[in-house]
Amino acid sequence: MLLAMVGSAVGLGNIWRFPYLVGVHGGAAFIILYVIFVFLLSLPLLLSEFIIGRASRLNAYGAYDKLAPNTIWRYVGFLSVLSPFLIIAYYDVVGGWSLHYFFEACAMSFSQSSEIAGMFSNHISSPFAPLFTMGLFLLMTCVVVLMGVQSGIERFGKIMMPLLFFVILAIAIWVITLPGASEGVKYLFKPDFSKVTGKTLVAAMGQAFFSLSLGCGTMLTYASYAKKSDNIGSSSLQIAFADLLFAILASCAILPGVFAFGVDPGEGPGLIFETLPMMFAAMPLGSLVAIFFFLAVLIAALTSTISMLEVVIAYLVEEHHASRKAAVWGCFSVLFLLGVLCSMSFGPLKDVTILGKTIFDCFDFLAANILMPFGGILACVFVGWKMKKPDVYAELTNEGSLRFMSKIYPLIYFFIRYVAPAGILCVTISNFLL
Ligand code: PHE
């Protein structure tokens with residue numbers, strides 16, 4: 001279960017989203033804010049989802065309905081099912097890019113840096129090619145969810161997660177020693193708070209939720225499989241640390257290289273698809289490393305989409321008695337159509353904007369900056385204000401048998417009840433005022 005949760009948390013959020021946000025928002029200052037948000041807001045929320053999931057042992061919707069029968073809380077459960085569905089719609093576009101790059105790596109396309117320039121923007125703006133890999137990526141997700149999660153993807157994840165770790169570590173070490181990389185290392189570890197604006201805060205908090213798969217039923221659903229004897233406090237810490245480690249490591253592998261190759265760090269989403277291939281071209285055995293890297297990215301992305309789809313399928317199967325097969329293929333059809341819209345927003349539909357955002361950006365904004373924070377606030381409020389205090393105590397301390405957890409319980413409860421919901425609300429609202 002812990003591995004599955006780490007698999008869900010570690011994904012494109014760490015390898016693709018985090019480094020480019022660090023690039024856009026001015027480096028170390030963003031990282032510091034991010035770490036603060038993880039500990040002040042995300043950890044209490046992760047604990048809340050653990051509590052709701054393990055106390056109910058049901059899907060996200062059923063969980064709220066069981067713990068607060070016949071109340072409006074079930075709609076919060078419904079929101080927790082809707083969010084991951086919307087996230088898949090754009091996440092699979094990036095998953096598709098990773099798949100395309102994996103194919104390109106296998107075809108040894110990253111051996112000449114002259115061929116790499118422009119490759120990414122040409123690919124994502126072409127009308128049909130990205131749809132093919134996006135569809136294939138979605139299909140892979142669906143097939144695994146259909147086959148069952150435990151025997152397939154978890155066993156695979158057990159091999160791929162350590163591989164991902166070592167590949168990124170190796171790239172990071174190599175990149176940091178490049179001439180010109182020291183500027184990037186400085187950028188990563190020397191905070192410049194003058195760059196911090198309200199937008200930075202919102203982005204850091206959104207990322208703290210996105211990266212830990214919070215506020216959208218995923219962790220809650222996985223937590224429903226946790227054993228009564230598991231220590232949910234230490235499990236949460238382990239997940240948060242593993243996730244942070246991957247994010248920082250990915251930034252070390254990418255940003256110093258950005259400086260060494262003279263690319264603009266504020267480049268945005270294209271960062272890993274443009275700068276890394278250039279590094280692979282310059283690296284000894286780079287073509288081989290590229291294959292492993294994009295394969296690992298692909299697996300990290302897959303373990304995340306699988307966890308999202310599982311939330312929706314568990315809901316459809318348990319609450320609406322759909323067959324697993326019908327639920328999966330039904331979702332595939334709708335998600336593919338939404339994915340087409342998101343994918344095309346880099347090409348033929350790039351001029352279609354809502355409030356100045358492309359369709360893809362709208363989905364990302366809606367999920368990471370609105371739905372996940374609100375889902376998160378409501379989960380904390382549910383545990384802090386709706387559930388009975390002794391029940392929360394029993395879950396957090398395993399009926400009082402965990403001494404350390406019993407000791408810090410008042411502090412955790414205070415964070416769940418006041419700090420996390422108020423903090424998340426402030427940052428989310430300020431987003432609309434800025
Ligand atoms: N945490 C995942 C990542 O970092 C994304 C995710 C979001 C997964 C929500 C599940 C639910 O890539």
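The model is predicted, so local features need pLDDT of at least 70 and side-chain atom pairs count only at pLDDT 80 or more, while totals for chains, interfaces and linings use all residues. Residues are numbered from 1 along each chain as its sequence is written, and side-chain values use heavy atoms, with hydrogens and water left out.

I start with the ligand. There are 17 residues around the ligand, and A9, G13, Y91, F210 and S213 come nearest. A residue counts as near when one of its heavy atoms lies within 4 Å of the molecule. By kind, the shell holds eight nonpolar residues, nine polar ones and no charged ones. In this count Ala, Val, Leu, Ile, Met, Phe, Trp, Tyr, Cys and Pro are nonpolar, Asp, Glu, Lys and Arg are charged, and the others, Gly among them, are polar.

Now the polar contacts. A polar contact is a pair of N or O atoms within 3.5 Å; within protein, one must be able to donate a hydrogen and the other to accept it, and residues adjacent in sequence count only if both atoms are side-chain atoms. Y91 places a polar side-chain atom 2.5 Å from an oxygen atom of the ligand. A9 uses a polar backbone atom, 2.8 Å from an oxygen atom of the ligand. For F210, a backbone N or O atom lies 2.8 Å from a nitrogen atom of the ligand.

How much of the ligand's accessible area does the protein cover? On its own the ligand has 330 Å² of accessible area, and the protein covers 100% of that. These areas come from the Shrake-Rupley method with a 1.4 Å probe; for residues, only the protein chains shown count as cover.

The ligand takes up the space of the largest cavity. A cavity here is a set of points, on a 1 Å grid over the protein atoms alone, where a 1.4 Å probe fits but cannot get out. A molecule sits in a cavity if more than half of its atoms lie within 2 Å of its grid points. Two or more shell residues come from each of α1 (2-9), α2 (12-24), α5 (73-106), α11 (198-211) and α15 (286-320). Helices are DSSP runs (H or I, at least four residues), numbered from the N terminus.

Next, some single residues. Buried means under 20% relative accessible area, exposed over 50%, and partly exposed in between (1.4 Å probe, protein chains only).

V6 is in helix α1 and is buried, at 15%.

L237 is partly exposed because its relative accessibility is 37%. P256, in contrast, is buried at 1%. The C-alpha atom of P256 is 4.6 Å from that of A181.

In the loop between α13 and α14 (271-282) sits G262, which is exposed at 64%.

Finally, which residues have a positive phi without being a glycine? R57 is one, at about 55°, in the loop between α3 (28-56) and α4 (60-67). E399 is another, at about 60°, in the loop between α18 (389-397) and α19 (403-433). R57 is partly exposed at 40%, and E399 is exposed at 68%.

Definitions and conventions: On a 1 Å grid over the protein atoms alone, a cavity is a set of points where a 1.4 Å probe fits but cannot get out, and a pocket is an open set with protein on both sides within 12 Å along at least five of seven lines; lining residues have an atom within 4 Å of a point.
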